[in-house]
Amino acid sequence: MSDLRSLYQEIIIDHGRNPRNFRACEHATHIKEGHNPLCGDQVTVYVCKRDQKIEEITFQGKGCAISMASSSLMTEILKGKDIIEVEELFSHFHEMVTKGVQDNSTEKLGKLSVLSGVNEFPARVKCATLAWHALLAALQGSENKVTTE
Ligand code: ZN
């Protein structure tokens, strides 16, 4: 377990330092900014949604390693997923970061499992879920570009 933990740690540090899909997306259909005042994390999520599928997802922002790594991993895993899958993944992810790993959840969550240790640090849950909340708010918003605080 400690080997697994240090591997998870390395992946978080890697994504925190070199976040993937870290750019604005000019043809985004949905844009939303999220802010976590407890930690100072700021994330803007850009989504290009077509036929109920996430065709492209990118983000920009600044914050702690957890928030950056979580945003980065989220954009990697959600590309090509449909909206139902996104909501399902978020509910598993939210359960993992608040209650720890549940049966079979690592299989469903794939790479997102590296953030499973967050459940031991309740103050960091908001860091890990910030990008997800911004994404879901973006998807529930209008088709036009919207940006909110
Ligand atoms: Zn944070």
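Modeller: Residues are numbered from 1 along each chain as its sequence is written. In this predicted model, local features need pLDDT of at least 70 and side-chain atom pairs count only at pLDDT 80 or more, while totals for chains, interfaces and linings use all residues, and side-chain values use heavy atoms, with hydrogens and water left out.

Biologist: How far apart are the end C-alpha atoms of helix H1?

Modeller: Helices (H or I, at least four residues) and strands (E, at least two) are DSSP runs, numbered from the N terminus. The expected span of a helix is 1.5 Å times one less than its number of residues. For the 16 residues of H1 (residues 2-17) this gives 22 Å, in agreement with the separation of the end C-alpha atoms, 22 Å.

Biologist: Which residues of H1 are buried?

Modeller: Buried means under 20% relative accessible area, exposed over 50%, and partly exposed in between (1.4 Å probe, protein chains only). On the other side of H1, Ser2, Asp3, Glu10 and Arg17 are exposed. The buried residues of H1 are Tyr8, Ile12, His15 and Gly16.

Biologist: Within what arc do the buried residues of H1 fall?

Modeller: The arc is taken from the directions from the helix axis to the C-beta atoms. Seen down the axis of H1, the buried residues line one face of the helix, because they fall within an arc of 105 degrees.

Biologist: With which side chain does the side chain of Ser72 make a polar contact?

Modeller: Ser72 lies in helix H2 and counts as buried because its relative accessibility is 0%. A polar contact is a pair of N or O atoms within 3.5 Å; within protein, one must be able to donate a hydrogen and the other to accept it, and residues adjacent in sequence count only if both atoms are side-chain atoms. At 2.6 Å, the partner of the Ser72 side chain is that of His15.

Biologist: How many residues apart are Asp41 and Cys127, which both coordinate the zinc ion?

Modeller: Donors are N, O and S atoms within 2.8 Å of the metal (3.2 Å for Na, K and Ca); water is not among the atoms, so sites may look incomplete. The zinc ion is coordinated by Cys39 (SG), Asp41 (OD), Asp41 (OD), Cys64 (SG) and Cys127 (SG), at 2.2 to 2.7 Å. Asp41 in strand S2 (residues 41-50) and Cys127 in helix H5 (residues 125-140) link distant parts of the chain, being 86 residues apart.
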